[in-house]
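User: Hey, I'm new to this one. Can you walk me through it?
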Amino acid sequence: MNDVPASGQQRGAPGVATTAEVTPFRVLAPLYSAGFVTAFGAHAVAASLGTQFVTAQVSLFALGFALAVYDIAEVVLKPVFGSLADRWGPRPVLLGGLVVFALVSGVFVVVDLLGLVSSASGSIVALALVRLGQGAAASAFSPAAGAMVGRLVGPTRRGRVFGSYGAWKGLGYTAGPLLGSVIITFGGLAALFATLGAVAAAVAIWVAVTVPVVAPLPRRRQTLADLGRRLLEPGFLRPTSALAATTAALSVGVGFFPVIGVSSGLPPVATGAVVACLALASTLVQPRAGRAHDRGRLSSRQAMAAGFALTVAGFVIAATVPGLGGLIPAAVAVGLGVGTITPVAFADLAAGSRPERLGQTMGSAEVGRELGDGGGPLFVGALASVATVAGGLGGFAVVLAAIGVAATGRGGRRRTRS
């Protein structure tokens, strides 16, 4: 294994990493890739699934359930695996999750190639079970990767590294629908799951070879009351609510900006370019925002204020200015806002958590992101059903503004020490 040099600290046992101010990219890159896998896996299948089951034998409810089980597993299991990462060390949980993700993906390939399920209804059941397994596996390696990033990187580089981690996840969110649709077009669902399994297996091997052991830290006993108090402290609630809001904003933008575009007469190529602008802006700005935060040029409050202002402005523009003249600036503004907030919020979470509870903190925060991912589009869809899509986006902007005011309130960065 590789030891990671610790600035101003003694080395741990051979092959065991301690917290480092300077962690080589070759160590961090597999962790970034694990973030890419979970984002790519979630969106590659979800974006293309409906085109494979347009049949009378599969109800829309069954299709929706197959789409939802991945996220359901993540909401339920991420805090559990985050706690296990604290107890066992994040590396075995990260490796185990990647291996299980690869194996479960392979199961669908085998079932499909052997023709073990012939009916459409049986295929959707098999798909739902595999997606449940993938979601459970992602619930393990996603918070474990975040915890390892927080443990391996010192406080002076935490924002930049979390920005890079978020950028790689952003690439997964962007590449998932694009590559997923191409793979399914030429090879079907089995080819897509084979690709997902191969990518997860490759990242698992990369982690095993490159990433050092991060030993679990001694922990005092924690009761449910202790956990509840810790999760209700401003040092956890504020960055987590900000992450939930930005994830909701990303999902709403990706889901509803094309709807606005189509209603304005734009072709699919144009609406796809709008979504690409949103994702690209978020991906490019995250490492820069994190670096500025590390260097003291962008405080947490400034990042939250600027990020929420940009995001709210983006949705107001999308709701009021028709055509590409409104959607492109709106997408860029939302992307910049999301990308400004995300690395700073993650850095604040890591700074405000005890190192021995970092996995639990990241797992619990990821639940907030998952709820935002599903809740944002649901909220806008509900408003749009009784008004218009523009009205739904306007109402969502009001909610974002309220969350932004709360997130930038005083007492923002209080260390969680329960």
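Predicted model: local features only at pLDDT ≥ 70, side-chain atom pairs only at ≥ 80, totals over all residues.

User: OK, rings now. How many aromatic pairs does a search of the whole structure find?
Analyst: Eight. One of them is Phe162 with Phe346, a stacked pair at 5.5 Å centre to centre with 10° between the planes. Phe162 lies in helix H6 and Phe346 in helix H11, so this pair ties together parts that are 184 residues apart in sequence.

User: Are those two buried or exposed?
Analyst: Phe162 and Phe346 are both buried.

User: What about Phe315 and Phe396, why is that pair edge-to-face?
Analyst: Because their planes sit at 90°, and over 60 counts as edge-to-face. The ring centres are 5.1 Å apart. Phe315 is in helix H10 and Phe396 in helix H13, so parts 81 residues apart in sequence get tied together. Phe315 counts as buried at 0% relative accessibility, and Phe396 is buried too, at 4%.

User: Switching topic: how many residues does helix H13 have?
Analyst: Helix H13 covers residues 389-407, which is 19 residues. From first C-alpha to last, H13 reaches 27 Å, close to the 27 Å expected. Its buried residues include Leu393, Phe396 and Leu400.

Key
Residues numbered from 1 in each chain as written. Heavy atoms only, no water. Helix = DSSP H or I, 4+ residues; strand = E, 2+ residues; numbered from the N terminus. Expected span 1.5 Å × (residues − 1). Buried < 20%, exposed > 50% of the residue type's maximum accessible area, 1.4 Å probe, protein only. Phe/Tyr/Trp six-rings, centres within 6.5 Å; stacked < 30°, edge-to-face > 60°.
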